Amino acid sequence: MKFAIQVNEGPYQHQAADSAYFFAKAALEKGHEIFRVFFYHDGVNNSTRLTTPPQDDRNVVERWAELAEQHDLDMVVCVAAAQRRGVVDEGEAQRNGKDATNIHTRFRISGLGQLVEAAIQSDRLVVFGD
Amino acid sequence: MSTLHTVNKSPFEKTSLEACLGHVSAGAAVLLIEDGVYAALTQTSIEARLKGALDSVKVYALGPDLQARGLSEERLIPGISVVDYAGFVDLAAEHDKVQAWL
Amino acid sequence: MSETIKNFLYLNRKAPYGTIYAWESLEVVLIGAAFDQDVSLAFVDDGVFQLTKGQDTAAVGMKNFSPTYAALGDYEVKKIFVEKESLEERGLSLDDLQHLTWEDEDDDWAEKDSIHLVTRAEMAAIMDGADVVFSF
């Protein structure tokens, strides 16, 4: 089965990103495919490489990055939501005159069409939010 | 078409569980996750509502979320099944779609 | 853009402005319109507040995005289901909502209503019939 996952909330503030991660991990362990993980609303904040969580707690961003690395996952951050919340890659920095980037290399910024496409191409869309 | 409904908020905080139960069809499944697992406890003000729902839909609670909140399975309404994330995935695959009540 | 046509349901249960979900969900609908799927919008619980007339956001300094609902017809989004019980619980009637329409090119561009008032039971059936549900 092909799953598309939508994450609506940022790391730590809500459990949504954690639940989504464990669902994705379990699906992969069962041999299913994750077509795409799409980060929307504050979910785009899962993609910043600049977090420094306490040593004794989980590192949400790195955890996503490791899962993505292991399974070659497509981790997409919505461009409009990212612009609004200041999640920036090289392209966005240049286009919008920002003096820095903050996105983790394992994520890519793209349009909402990627969410719609994922819903069409996958067998199941699973949404995690508040 | 049978749907897996997910409810992630406590029934004492938000109306999402009530909204969900008001729209489920016979044969659907409701999975309580995150703070939604509090709805599975016996002796709450909504126990009767949940028990009534069990007549037409299956209700599950996510084990890891129960454990995190210190809720033992003995305190759950009889008839509610506990699943882990692997079980969550299975439910999502078995049903035709997943609908989140946020 | 794609050969598969699915029955998409965009589920709206939250009020506008207090949170961003109403606006950002509309943005998905607009982009999604280009994918030629079978689209329905459901307004349930506080979601019905998104459609009220006369929204004036000047004093709260936010963008008034309510005119976007009126444009949905131009995007071929014409199945907008509003739950009757949700309106009544909130002291609202159809008169409090924007009058949303679309133009039927197969009927000499006749203007038709996009909003369909449905009961909770009918809404449950609509949800049941969807292939994919987007929640925000």
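Start at the contact between chains A and C: select 15 residues from chain A and 17 residues from chain C. Two residues are in contact if their C-beta atoms, placed from the backbone, lie within 7 Å.

Now keep the chain A side. Helix 3 (79-85), helix 5 (113-121) and strand 5 (124-128) of chain A each give two or more residues to the side that touches chain C. Color helix 5 of chain A next: its five residues are the largest share of that side. Helices (H or I, at least four residues) and strands (E, at least two) are DSSP runs, numbered from the N terminus.

Ten residues are nonpolar, five are polar and none is charged. Here Ala, Val, Leu, Ile, Met, Phe, Trp, Tyr, Cys and Pro count as nonpolar, Asp, Glu, Lys and Arg as charged, and the others, Gly among them, as polar.

A note on the model and its labels. This is a predicted model: local features need pLDDT of at least 70, side-chain atom pairs count only at pLDDT 80 or more, and totals for chains, interfaces and linings use all residues. Residues are numbered from 1 along each chain as its sequence is written, while chains are lettered from A and ligands numbered from 1 in the order in which they are written.

Move to chain B. Show it as a cartoon: four helices and five strands. Trace them from the N terminus: β-α-β-α-β-α-β-α-β. Switch to the C-alpha trace, which spans about 35 × 25 × 25 Å along its principal axes.

Last, look at contacts within chain B. Of those with a separation of 6 or more, 69% join residues 24 or more positions apart.
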